[in-house]
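User: I would like a close look at a single part of this model, namely the contact between its chains. Please take the structure below as the basis.

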Number of protein chains: 2
Amino acid sequence: MRPSLKQIANALNLSTAAVSKALNDYPDISLATKKIVKSYVKKVGYKANIQATYLRTQKTMTIGVILPDITNHFFLEILKGIMTQANKNKYTIILGHSKESEAEEKKLIYQFLQQKVDGILMSLAQDTSRFEHLNKVINNKTILVLFDKLARTINCSKVFVDDKKGGFKATQHLIKKGCTKIAHFRGDLNPQNSIDRYLGYREALSFHEIKFDPNKVLISRKGSVKEGYLLAKKLYESGIKIDGLFCVTDMVALGAIRFFKERKINVPNDICVIGFSKTMVGKFVNPSLSTVDQKASKMGKMAMKLFLSEEKILKTEKRLENQSLQLNTKLIKRESTSKVS
Amino acid sequence: MRPSLKQIANALNLSTAAVSKALNDYPDISLATKKIVKSYVKKVGYKANIQATYLRTQKTMTIGVILPDITNHFFLEILKGIMTQANKNKYTIILGHSKESEAEEKKLIYQFLQQKVDGILMSLAQDTSRFEHLNKVINNKTILVLFDKLARTINCSKVFVDDKKGGFKATQHLIKKGCTKIAHFRGDLNPQNSIDRYLGYREALSFHEIKFDPNKVLISRKGSVKEGYLLAKKLYESGIKIDGLFCVTDMVALGAIRFFKERKINVPNDICVIGFSKTMVGKFVNPSLSTVDQKASKMGKMAMKLFLSEEKILKTEKRLENQSLQLNTKLIKRESTSKVS
DNA sequence: ATAAATTACTAAATCGTTTTAGTTTATCTT
DNA sequence: AAGATAAACTAAAACGATTTAGTAATTTAT
């Protein structure tokens, strides 16, 4: 059993107050006593009980992370970034999985608030359209940092990728490969990401003076492989001819490629395909998948850093101050767009 | 701000004791009072402060999970299983990432013990060869459940896959496809899993009266794609001819396949390849990869259930009682072994 | 009608820290 | 040498719950 402060104090013939102060480097404890206390504490392996400490300090050194999809490699890279940064700063991560559901997300937030986390870092669920639960976090004076999938209107720190520029890069890459009839399988109408990627697509078209054709834009609600397959089928059967395809996620792109393969349509020679997100899989498939890297790990790192800087400000100024961080994407060229134009 | 017990008590003209007892259904509080308290508490949204509760009950309703590799799909499926089960039982998960390092693993365990988790569910790091940190968990009267990568000698609950039978199934599948010269890229010498898969390989060979050839067994230390590629190259350049290959992980198998593709060796017609673990990728590559499914999600679920049952026993009998659970694997037949024999 | 038992509470201690407000002892002024 | 200052502590309250022991009021037993 770990010793308590009281036991340490008894053993050293000091008051608990003196021991506590010595450990927290209060100026009214002599250097000699501090040395004695610290060396003894080290010897017996004493560590302050976090729960007891919380009762006075209101700090748990714990942050809650909510991911919409725990089996998605992208989010795990983010999580890795967060954890590395968190550990460096002695924070513990408690993990929540919203399963892309607003209801789950809400539950998790309430759970985390009850657990008295010092902050919540999260990406919104696909589902999420109302934001009272997020405002509750802020009103609770708990630091909130949104990453990737977020809502612009929430007054908190944010890290996100420049999706519009990413969409632009992806589309422009297809254009440079000589594609002129470029379709887009966009995400759901709601989340900002899919809107921005779509806008980037449109901007690239107009920048290169290619006429926009609304019939070439289909919506993928869940972003799954299966949906990609079905959308490709739908487009194919509608008779619309394309030579390039930009998909809102790698998974959708993989589904589309699978369909094209079935119909003996060659990727990239007949149709160039590019995804978005740089999931693990894309590297191993055949043809390997071109994509837009969102720098997931950096995003996680930055989310945690935003938390830490807010925390610092909060300690001194007692008010929340937030900032937005926009990260750049990187085009990853692979076989699925390796046509010589 | 959430109200405290005291505030509730004041509002209802009761003592804090009465309110606390009412909420915890003590028999010495009248039904009428309980009703009043509960409905009021619901109205104002009171939730007991977990940290304060801990101080008396020693229960945090938190369990620590340590994964060796957070970007490995297999572990994430396990985590998903654990989390689903945990949430059902009002437990919170705190997550640790050992990065396959014993030192990190040790640190995490000490951190979790300090956090006073009610239990630790973990898979050992590749690295781990000494076990004092695990024994410290047990001596601390904290429930320990090991899953997947574990040490037989530790006296705690365990969930693992019947790797030997899995290795047997994989190898037998190759044999049934007509392969007679079957190589095995095994894992490191240490962990039980790779030993068992190797033993299953040997058993299948001898069961089907195929002579074992030690030259056909190579060791992959890290289980990476790159290593798989290099081992395949090494085997190929050594001049040893094979028509079947069983790899300790899907990643190693993918690396090997990549090499065979480069040399225009057809998979499955020239060489059948099978992996182990059912990672996401295997389904999407070309040829799609046959593998042995470890039922990761079930493993997570079971690990959590073992924890819960130990917890229950501990509450009534004040002693740890552990059990081992061995799960069966499932052969997943895909293109990489789809030769007609 | 009185004692015993039961019911439905309350007071106060407790968990392990931190922190405010003293208190003692030694040191410095003048 | 007396008072002021500073140094180095201690006592006790506080955080927010739970729980043991005790108590008043009511009911039951005889």
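How many salt bridges are counted between chain B and chain A?

Analyst: This is a predicted model, in which local features need pLDDT of at least 70 and side-chain atom pairs count only at pLDDT 80 or more, while totals for chains, interfaces and linings use all residues. Residues are numbered from 1 along each chain as its sequence is written, chains are lettered from A in the order in which they are written, and side-chain values use heavy atoms, without hydrogens and water.

Between chain B and chain A the count is 0 salt bridges, a salt bridge being a side-chain nitrogen of Lys or Arg within 4 Å of a carboxyl oxygen of Asp or Glu. Polar contacts, by comparison, join 12 residue pairs, both at pLDDT 80 or more; such a contact is a pair of N or O atoms within 3.5 Å, one able to donate a hydrogen and the other to accept it, and residues adjacent in sequence count only if both atoms are side-chain atoms.

On the side of chain B that touches chain A, helix 4 (50-57), helix 5 (73-88), strand 2 (92-97), helix 6 (102-114) and helix 11 (250-262) each supply at least two residues. Helices (H or I, at least four residues) and strands (E, at least two) are DSSP runs numbered from the N terminus. Helix 5 of chain B gives the most, with 7 residues.

The area buried between the two chains is about 4100 Å², with 61% from carbon and sulfur atoms; this is the accessible area (1.4 Å probe) lost on being put together, summed over both parts. In chain B, B:Q51, B:Q114 and B:F284 lose the most area to chain A, together 17% of what that side buries.
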